[in-house]
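Please open the model in your viewer and keep the selection tool at hand. The tour below moves from stop to stop, saying what to select and what is there.

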Amino acid sequence: MIKTCFENVKMKTPLVHNITNYVTVNDVANVLLACGGSPIMADDIDDVEDITSICGGLNINIGTLNKNTIPSMLAAGKKANELGHAVLLDPVGAGASRLRTETAIKLLNEIKFDVIRGNISEIKTLAFGSGSTKGVDADVADAVTEDTLDPAVTFVKKLAGKLGCIIAVTGAIDLVADADTCYVIRNGRPEMGKITGTGCQLSGLMTAYLIANPDNKLEAAATAVILMGVAGEVGFANMESTDGNSTYRNRIIDAIYNMDADKLCSMAKCEIR
Amino acid sequence: MIKTCFENVKMKTPLVHNITNYVTVNDVANVLLACGGSPIMADDIDDVEDITSICGGLNINIGTLNKNTIPSMLAAGKKANELGHAVLLDPVGAGASRLRTETAIKLLNEIKFDVIRGNISEIKTLAFGSGSTKGVDADVADAVTEDTLDPAVTFVKKLAGKLGCIIAVTGAIDLVADADTCYVIRNGRPEMGKITGTGCQLSGLMTAYLIANPDNKLEAAATAVILMGVAGEVGFANMESTDGNSTYRNRIIDAIYNMDADKLCSMAKCEIR
Amino acid sequence: MIKTCFENVKMKTPLVHNITNYVTVNDVANVLLACGGSPIMADDIDDVEDITSICGGLNINIGTLNKNTIPSMLAAGKKANELGHAVLLDPVGAGASRLRTETAIKLLNEIKFDVIRGNISEIKTLAFGSGSTKGVDADVADAVTEDTLDPAVTFVKKLAGKLGCIIAVTGAIDLVADADTCYVIRNGRPEMGKITGTGCQLSGLMTAYLIANPDNKLEAAATAVILMGVAGEVGFANMESTDGNSTYRNRIIDAIYNMDADKLCSMAKCEIR
């Protein structure tokens, strides 16, 4: 499954429309090129429908949310839905401000997403943040660890069922789930948290994987998480003594660029629950 | 010619005003510093005329076009024209959306450009994209290769004559032409296409070259293309086995930073048609 | 003092709200992570008060000033003042355009800053730029060198006294002063000027230092300047023959990531006047 998902991206060069933040946008573009995809960025309300129409999927990231681009996100998302494109939401900072929380929920209400990818805090905000989303089991800790794994898996499956989309929660342990199946992934390095935007990069990457694997979206999303984690391990192994987080950023993207399917499969640490 | 153009940039530290996209803007700034120029970015309508007035030239790039900045592009361009500054257009994505195509044509109609630099698809859109620009020979393929070189050279010369400016088409083979003379440049590496923004970087670089070589703009534009291509070759030669597109990006800018005139001249692959 | 300031940042993980330019924002985020802080970027008027409330301090940088974000800067600054947060102004390009000069002065008039950090030209603009700020000794040269050091020290102390905040002027020699005490810092490398955004990075870093050292803000600001300069020296020492400004950027951030207090103290070149 990993191998097929990986090779489909290399073969199909999926074109990803990104409406994303200006902090990590360059890395998102380079990681998309590294994995075999192709990026386009466009966020003007008069530009997004045309651009999303020539792409295979849409990656919406609210990292530096601006009121000008909220209508662009909605218009692009609706167009992408109409065209049957893959659509992903990265609700950066949901829970940190009212604008972000409310916008994330508005996007959820008006657009059909294939995947929502965030950290546990952002995903919990989407689950419990507004009155109308109560009712999902709230017994989930603030970090996914071996100790909190069982209730976390239950939580993401339930939320996936409720929202009707794949939920990808990334952290020390990553979970990628629909209502029935949860991939538990233990790749990656804690040092990745010292680089800005590894989450944003993963969202871009994952959108490319969804586009190239339309019949296996859950597996595609899990493979993207595995790829990012394995690249974090390979990049870390390539670090020299004077390297720090800035060079690590380059080494991870480089590792994605140089990845092959066999290496990815052999390094994957993934179980199904 | 290459040597003089190169040394003039090093000597004069040309200050370039960039109205550009937020994806590759950091690389544009660093490549300008690498080549011996100096970058300023400003895009607010109340800021651009002052800023462009203290610069030597203006680089307009529509990569993440936003309706707020279209009036800024027009105002800055007109001011730069009034002051006799070098002005370059990079019509990123012209042809991919109506907003981009129409804006590129509007800019062409209202601003006098010294150079338009894009890929063949963008340049063809400017040539054939609107009713009023028909009439230029349409027999040009979608990629400039050895097989399609003759009609491509004819096309860019005609378009340069029609628009009254230098046309720089970059791709596997690069063409830099006015109505009479076309430089055919075979430097560079295909792997450069796996880095976001090498085209944007070249547009910034080229504006610095135009400023520093006001009496030899065609040669200056061609030298900038050669410099970018040679840097791509030098950077590639410096790649280690674990390097990928992210590190390659750094190595190309580094190669520009470390370039000397003799090396540039000796590696240039350039003929005149 | 250096050691304590440095260790407080590592220990407290100060969260910095940045309203900054889109050119160097990624480097600002990575340098904040490298030093032990944590970055958030938010600039929408409906987002900034919430975001600044969960942070410990605010870094305002006018590098790609946009009229939409001026009210955001004012709102965030006032909220940060109300909460007693550290607030820093980086008046990028003050003096280069009317919009930037007037905005910098407006921000100064409406927000209480802990530190203003800029180059000598920007700081002089704030001192002499408008009618109402005349009266400060104008005998200061356009660069801080050994020859112009005495009047420069007098100037920054007087300006600090007049504005009631710390003034940090960075250049060949760096000065960090309040009304009574001026740290004169001779770390750093001239090649740092060939990287875009080392000043912006320093402003981010310095805000983290102010947050983590609320009772020693002058020492904190000076330590941030020393750290940036020492990292410039360490990064330069790590350069290989083919490295240029792009890789140097990474090596400096890496050096901050790998810095320890003893190395920082032993390499600091700092005197008090």
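A residue is called buried when its relative accessible area is under 20%, exposed when it is over 50%, and partly exposed in between, using a 1.4 Å probe and protein chains only. This is a predicted model, in which local features need pLDDT of at least 70 and side-chain atom pairs count only at pLDDT 80 or more, while totals for chains, interfaces and linings use all residues. Residues are numbered from 1 along each chain as its sequence is written, chains are lettered from A and ligands numbered from 1 in the order in which they are written, and side-chain values use heavy atoms, leaving out hydrogens and water.

Begin by selecting strand β7 (residues 174-177) of chain A, where A:D174 and A:V176 on one side and A:L175 and A:A177 on the other are all buried, so that both faces are covered. Strands, here and below, are DSSP runs of E with at least two residues, and helices are runs of H or I with at least four, numbered from the N terminus. In a regular strand the side chains alternate between the two faces of the sheet.

Strand β6 (residues 166-169) of chain A runs antiparallel to β7(A) and is joined to it by three bridges, with A:A168 partnered by A:V176. Four bridges join β7(A) to β8(A), again antiparallel, and here A:D174 has A:I185 as its bridge partner. Four residues lie between β6(A) and β7(A) in their hairpin, and four lie between β7(A) and β8(A) in theirs.

Now select A:M41 and A:G197, which the unreviewed UniProt entry annotates as "binding site"; such annotations, given in the numbering used here with shortened feature names, may be inferred rather than shown by experiment. A:M41 lies in strand β2 (residues 38-41) of chain A and counts as buried because its relative accessibility is 6%. Leaving aside neighbours within four places in sequence, A:M41 has contacts (heavy atoms within 4.5 Å) that include A:N18 and A:V25, as well as B:G63 and B:R100 of chain B. A:G197 sits in the loop between β8 (182-185) and α8 (198-212) of chain A and, at 12% relative accessible area, is buried too.

Finally, move to helix α9 (residues 217-237) of chain C, where 17 of the 21 residues are buried.

Technical notes:
Two strands pair if DSSP finds at least two bridges between them.
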